[in-house]
Amino acid sequence: MISETKQFPAAKYGMTIDVDRCNGCGACMVACAVENNVPPAHEGATDRKGLTWLRVYKVDNGLEYPDHRTAFVPVMCQHCNHDTPCVHVCPQQAVDLDPATGVVGEMPQRCLGCRYCMAACPYHARYFNWWDPAWPQGMEKTLNPDVTPRMRGVVEKCNFCHGRWHAAKQLAAASGEPSGQPVEYTPACAEACPTGAIRFGDLNNPASEPAQSAKKADSFRLLEKLGTETKVYYHSEREWVRQTAQAPRPPQAGKPAGKEIARG
Amino acid sequence: MRGPVQEAAAAVAAAVARLGANEHLAVLDLRPGRTASWTYRRAMASAKNGIYIAAGHPMADAAIDLSKPKTILSLAVPVLAGWGTPGNVIAQRAGFHLIQAEAVESRTAAMADQWLRIQPGSEEALGKGLLQALNGQSPSAAAEATGISEQQIAALWNQLKQNGPALVLGPADSPATAQLNQALGALGQTVVARSEAPVPLKWSNTAAAPVDLASIEDRSIRVLLIDESTPAESASGTYLPWSLLERKLVPDNPLVVTLGWTREGYGRHSQFVLPTGVYPEVADDIPPAVDSVAATFRMSVPLVHAPEGVVKPEEFIARAAGMEVAGTLRERAEAIHRAGRGTLFTYADGQSSAVKDMKVDDFWKALQAGGSWMDEAAPARPPAVAAAGQTAIPASVSANDLPLVAMFVDAPSSPLLSKIYQESNLHLGPGRVALNPDEARVLGVEDGGRAELETLAGRISVEVSIDPAVPSGAVLVASRAAVLDMCSAGSRAKVVRV
Amino acid sequence: MLPWNYGFHWNTGHVVFLGAFYTVLTIVATTLVLAVLRSRRAIAEQRVEDIGWHADFHDLSPQDRVCRHVLSGELQCRECPHAFDCRHCETHARLVARHAVAKPAEAEEEILGMTFPLDRFYHRGHTWARIEPDGTATIGLDDLGQRLLGVPDSTELPQPGERVSVSGTAFRVHKRNANVRVLSPVDGEVVETAGPGSDWILRVKTTGGGGIDCRHLLRGSEVRPWLTREMERLQLTLSAEAGSGATLADGGVPVKDIAAAYPEADWDAVCGEMFLEP
Amino acid sequence: MDKDFITRGVRRCSPSRFAAWLTPWVVLLAFGLYAAGLCLIKGLNQTNMDNRFAFGLWIFLDLTVIALGAGAFFTGFLVYILKINELKAVINSAVVIGLVCYSGAVCVLGVDVGQPLRAWFTFWYPNVHSMLTEVSFCITCYLTVLAIEYLPIVLKNRKLRQVPSFLVFEFELHKLVFVLAGVGTFLSFFHQGSLGGLYGVLRGRPFAFREGLAIWPSTFFLFIISAAAVGPSFILLTTWMVEKITHKRLVRPGVLELLGRISGLLMAVYVLAKSVDTLIWINRTSPEVGFPAWQYYSWNPFGTWILVAEIAIFGLVPALILLTPAMRRRRGWLVSAAAMACVGVALNRFVMTVQTLALPTLSFDKFLSYTPSWQEVGTFLAVVAYGVLVYSFSFRYFQLFPDERMLKMEAKKEVAEEPFEMAGRY
């Protein structure tokens with residue numbers, strides 16, 4: 001597959017997420033699940049065992065009222081462009097960085113379920129199927145035919161709505177465009193976001209919205225110092241929000257460390 | 001073949017036949033302003049002792065023009081979290097300074113320019129306090145209730161006055177809000193009346209006027225038909241606690257039929273729950289959002305076939321009143337086309353075209369394709385301020401009870417929403433309450449543990465989440481029908497460990 | 001893994017990694033196959049007995065593997081490298097050449113109260129071989145061997161016509177819980193097994209031409225030091241197997257039936273030790 | 001019957017007592033197999049692992065057990081390659097321990113992965129850049145080697161060797177065993193290293209990430225040394241335990257001391273290397289990617305104490321004890337030092353696996369705690385029970401300690417009056 005797509009002019013799909021616009025409604029999470037046939041939660045699932053390719057975290061500045069501030073940060077696979085942590089650890093080439101799109105792909109059909117890639121990912125963007133996927137009776141009719149559901153015991157994650165990318169390519173081909181050219185499409189989350197906080201496009205195309213806003217002064221990436229060169233850019237005019245992209249803060253007094261408290 | 005639908009129909013017919021002189025056949029519409037609502041009004045007009053109860057905003061025809069205000073004081077209204085048309089709100093966001101007065105740091109509070117942390121359920125009190133400040137009295141009672149000083153309240157009032165035009169958004173049934181807006185000159189400026197999309201003349205001539213629940217005398221409704229099929233996006237505003245409805249029912253076996261897609265709601269109190277289709281299965285029109293100034297007409301178009309055996313509430317209720325209806329949406333569209341006002345916006349190509357230049361069939365097709373009709377801008381006029389709404393349940397006042405903060409979550413709903421409250425802790429899950437860690441320690445309940453929530457209205461088993469964001473001494477309730485039955489905002493509850 | 005796999009592309013990593021992997025596989029497989037082939041050959045060549053003895057010899061405690069010339073005091077310390085088969089031992093040849101084993105005066109030797117006639121050759125496994133006038137050799141248990149086994153519960157003798165080989169099994173003896181193989185002192189083909197009253201147990205004749213080779217067997221003056229060592233071993237073994245009370249190291253004559261004298265001893269272990277079958 | 005299988009001249013308890021000893025372990029094994037079965041049939045939701053704690057008890061134990069099992073390859077290396085013949089006395093026991101550890105680890109891995117039936121994918125579509133691939137390949141090969149090395153021990157059984165072909169095959173195979181020892185050493189060096197590399201390469205986990213030589217992070221080499229260091233200690237420990245349990249002398253004291261000395265030497269080297277590595281990591285590797293190292297230790301309960309315990313208390317101290325001849329000669333010190341060394345390396349594996357995953361990487365992460373479910377613990381216990389059973393049988397019927405009989409005799413000789421000059425004793 002890699003060898004097939006090499007000769008084409010590469011796209012570098014990426015995202016910009018305006019944290020200041022996100023009100024944490026969670027529409028993107030649901031849209032993502034609907035689009036990618038991610039099953040509803042098993043009753044045993046928690047925020048640590050769930051399947052949320054896209055997860056909106058509630059972050060705060062750690063101060064007390066009235067200085068206390070909250071923001072919402074949607075985190076999905078950051079599609080690291082360099083030293084992609086998950087790609088080189090997979091023992092059976094089930095993960096790859098597609099040079100044609102810059103999308104970090106996951107091949108559930110080949111996944112052994114060793115979860116090494118999950119340990120490797122600093123963004124916790126990879127999820128394991130702890131249970132057999134199950135949809136309430138009748139709901140299976142609403143499954144997306146363009147996306148294969150995954151089985152129990154394999155790892156999955158955001159792939160920038162590969163199904164939609166594929167559809168877009170077919171459309172382009174049908175409309176007689178030269179095959180292999182980068183196509184324009186919109187992942188489900190960007191489409192669903194009611195406040196337009198999530199924007200998607202080709203970072204190689206200077207005209208595209210992400211390419212533009214990635215250059216903005218207040219845009220940042222998560223754990224930039226790791227050198228993973230992620231393709232998901234965030235933006236906020238609030239300094240403390242930009243700080244949350246840095247390494248973790250040691251626990252403050254009052255907040256018991258080691259204990260998961262109901263707060264994203 | 002005789003299924004539950006036929007049985008229900010028969011039961012209704014029998015009950016209607018037995019209607020006493022001052023007994024009513026009533027329809028409760030949880031989402032007024034739709035074409036179906038007109039059908040109900042016509043049906044009730046034709047039916048014997050029929051009344052049409054519109055749940056929700058007493059100022060149903062009032063719209064908020066967000067382009068006007070420079071300052072907005074929101075009394076716990078989720079302005080930035082799904083209120084109105086989110087896209088429009090965000091578009092206007094830069095234009096106004098938002099002050100959110102709320103007990104917890106809700107999504108709106110988090111994104112507001114200013115967050116006033118007030119005591120749970122003291123929104124109305126703050127409103128009254130501001131009125132006092134306006135009249136030059138000292139808002140001592142308000143300060144006491146809200147937990148913010150008189151000076152702050154006075155300062156807040158000045159802030160609103162000086163940075164006008166200002167607007168106060170308050171609870172649906174808050175008289176104080178209305179008076180404040182009056183005082184701030186918002187009425188007719190930012191709070192304007194919105195005319196409804198045209199309807200066929202024969203409808204408007206033969207339609208019962210909406211009745212406010214409070215104005216119905218107690219024990220007078222024998223047959224109550226509830227359309228719960230499409231709950232409004234902020235149903236917490238429109239959901240009427242059952243205890244209020246129950247008061248109006250006749251004492252000797254009244255008949256309640258709920259047409260909805262869940263047993264969780266009024267279904268729990270009904271003799272019959274008839275299944276209805278949900279959004280992607282049925283065609284329905286969408287009432288204009290509170291922040292759209294002009295009248296609109298949009299339709300949700302069915303994407304999949306509704307399963308066997310679901311009922312169309314419109315048809316069932318009409319039939320109950322001896323009416324046969326079909327194609328009402330089309331009739332409405334024709335009426336709009338006949339009026340010839342406004343433009344049609346089609347999302348597919350982002351074009352908007354004047355209705356009068358369109359053929360009626362094209363108009364109808366465009367609507368079915370997701371097009372949206374918008375009325376032309378009319379000169380702004382103040383809305384008719386309705387009387388203060390339903391009386392809330394009396395709140396218990398025992399000392400050790402916790403003030404309730406009810407937050408609406410759209411539950412029960414698609415299992416995929418479990419992504420946001422079960423598989424992440426973004427939302428408080430249905431049937432969950434959140435407590436401050438200290439509070440939880442005192443009560444001896446753990447995170448994820450079960451407890452009972454007790455109010456005057458009753459007890460309900462809940463799951464507890466521990467959240468330092470909840471102010472100490474309060475309990476955050478992810479409200480659902482079952483919870484809302486028990487507690488309106490500001491009522492007090494007790495969390496009892498089991 | 002294999003070049004025709006989906007997504008496979010050659011690079012240094014693959015070459016090095018897979019190269020190493022396949023090399024390892026090859027080595028391991030080869031080792032196994034080699035072992036199998038060699039053992040098949042061994043069986044074909046009927047070297048089982050020989051290998052059995054070598055395996056046993058390998059497991060003997062070092063002081064039991066000591067060279068006959070250490071016993072006779074000619075060397076300080078030497079472990080026998082040939083599993084007691086001196087026929088191909090240069091050292092032995094050299095030493096014998098230097099001074100042949102002295103032929104003692106009397107024909108009958110009485111050692112520690114046991115009779116060891118010197119008209120015969122002794123194997124370290126307590127058997128002897130006597131060249132008969134007719135050129136055949138008779139094989140028998142020496143006196144200590146007899147006293148150890150006393151009156152056997154049963155014996156398994158080879159049938160006439162079967163072959164025996166040096167340090168291969170001559171016959172098996174059962175005594176109490178002991179079940180030991182007795183080593184044959186010489187190569188040959190069994191011509192007859194003992195009848196009543198004969199002091200020998202097997203009569204063998206050489207298969208190849210020439211006489212019976214006894215170079216590897218103890219003779220004459222070598223017998224006494226060897227036997228002294230054997231008595232020490234026996235006493236040590238007995239004290240180990242039959243409790244520390246047991247001792248016959250006072251130079252006293254061992255009783256006719258030692259087994260009977262130590263009813264509590266693990267006789268299997270004792271015989272195993274003495275008949276060089278660990 | 002049973003007697004015929006027991007090596008001549010060594011004492012073993014009665015079959016009934018043996019059965020009594022086995023019973024609890026068999027019960028444990030059954031329970032463990034049930035737990036493992038649940039995980040295989042119902043899926044890994046039976047465990048308390050989750051998306052953040054993707055690895056748990058099992059991986060930690062695999063790493064530890066494999067480190068302890070390193071005694072097999074290292075002793076083999078010392079005996080057959082470096083020709084340190086004293087250690088012949090424990091080589092068989094070492095092989096059995098190695099076999100038990102490795103096979104156990106592989107079984108647990110089989111339960112640990114989500115799709116065990118796809119294990120062969122690793123061999124069919126290997127990603128040669130993944131440390132895990134290296135681990136899978138080497139462990140599989142080495143397990144085969146161990147099995148082959150175990151074969152002669154089995155075939156040497158008194159009853160089995162009466163079958164001519166067994167006898168001969170054992171004899172021939174034993175002659176070639178040095179080849180296997182060599183291969184085993186090669187393989188072990190690599191997979192022990194790769195197990196370390198497993199974490200050292202995690203650039204996304206600065207707590208684990210290490211710089212190194214070429215494609216190998218420093219942990220690669222640290223794991224090799226630590227495994228080689230702790231292997232002999234574990235053999236020492238087990239041998240001592242078996243002696244205590246069976247009330248027998250199985251090896252000469254000199255052998256245990258030798259093991260201790262070797263272990264101590266390597267332990268010292270390891271501690272030194274580890275300290276240097278830690279300093280580099282604290283002062284350069286970690287800060288460079290924006291993670292000040294001190295903050296790792298500000299999340300309770302994993303304070304700096306864990307660092308001290310790992311390197312000083314359970315690293316340096318046992319090394320020093322084992323390197324002091326006087327203390328080495330005292331059995332108590334020797335054994336406890338060996339035990340401490342084992343704990344130290346186990347602790348290192350714990351830090352690498354569990355602490356790495358517990359620590360947050362994003363500022364809005366939580367420090368996570370995790371307690372294994374009973375199914376996880378059960379599966380682990382199954383491995384322990386399996387190990388004890390295999391070892392017990394091997395000890396009863398095979399010659400794990402060739403010197404046993406000789407020592408028995410010598411013990412008698414010491415009480416016997418007249419001194420006995422042993423010629424040619426090494």
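**Chains and strands in a predicted model**

User: How far apart are the nearest C-alpha atoms of chain B and chain D?
Analyst: In this predicted model, chain B and chain D do not touch, and their nearest C-alpha atoms are 11 Å apart.

User: And what about chain B and chain C, how far apart are their nearest C-alpha atoms?
Analyst: Those two do not touch either, since the nearest C-alpha atoms of chain B and chain C are 35 Å apart.

User: Then which chains share the most contacts?
Analyst: Four pairs of chains are in contact, and of these it is chains A and D that share the most contacts.

User: Switching to chain B, which way do E20(B) and E21(B) run, parallel or antiparallel?
Analyst: Strand E20 (residues 450-455) of chain B and E21(B) run antiparallel and are joined by six bridges, with Ala451(B) standing opposite Val462(B) in E21(B), and a hairpin of two residues leads from E20(B) to E21(B).

User: What about E19(B), in which sense does it pair with E21(B)?
Analyst: Strand E19 (residues 432-435) of chain B pairs with strand E21 (residues 458-466) of chain B in the parallel sense, over four bridges, and Arg432(B) has Glu463(B) as its bridge partner in E21(B).

User: Now chain A: which residues of E10(A) point which way?
Analyst: In strand E10 (residues 232-235) of chain A, Val232(A) and Tyr234(A) point one way while Tyr233(A) and His235(A) point the other way, and all are buried.

User: Why do side chains alternate like that?
Analyst: In a regular strand, the side chains alternate between the two faces of the sheet.

User: What stands opposite Tyr234(A) in E10(A)?
Analyst: Phe220(A) does, and Tyr234(A) is also the bridge partner of Ile17(A).

Methods:
Residues are numbered from 1 along each chain as its sequence is written. Chains are lettered from A and ligands numbered from 1 in the order in which they are written. This is a predicted model: local features need pLDDT of at least 70, side-chain atom pairs count only at pLDDT 80 or more; totals for chains, interfaces and linings use all residues. Two residues are in contact if their C-beta atoms, placed from the backbone, lie within 7 Å. Two strands pair if DSSP finds at least two bridges between them. A residue is buried if 20 or more other C-beta atoms lie within 10 Å of its own, exposed if 12 or fewer, and partly exposed in between; C-beta atoms are placed from the backbone.
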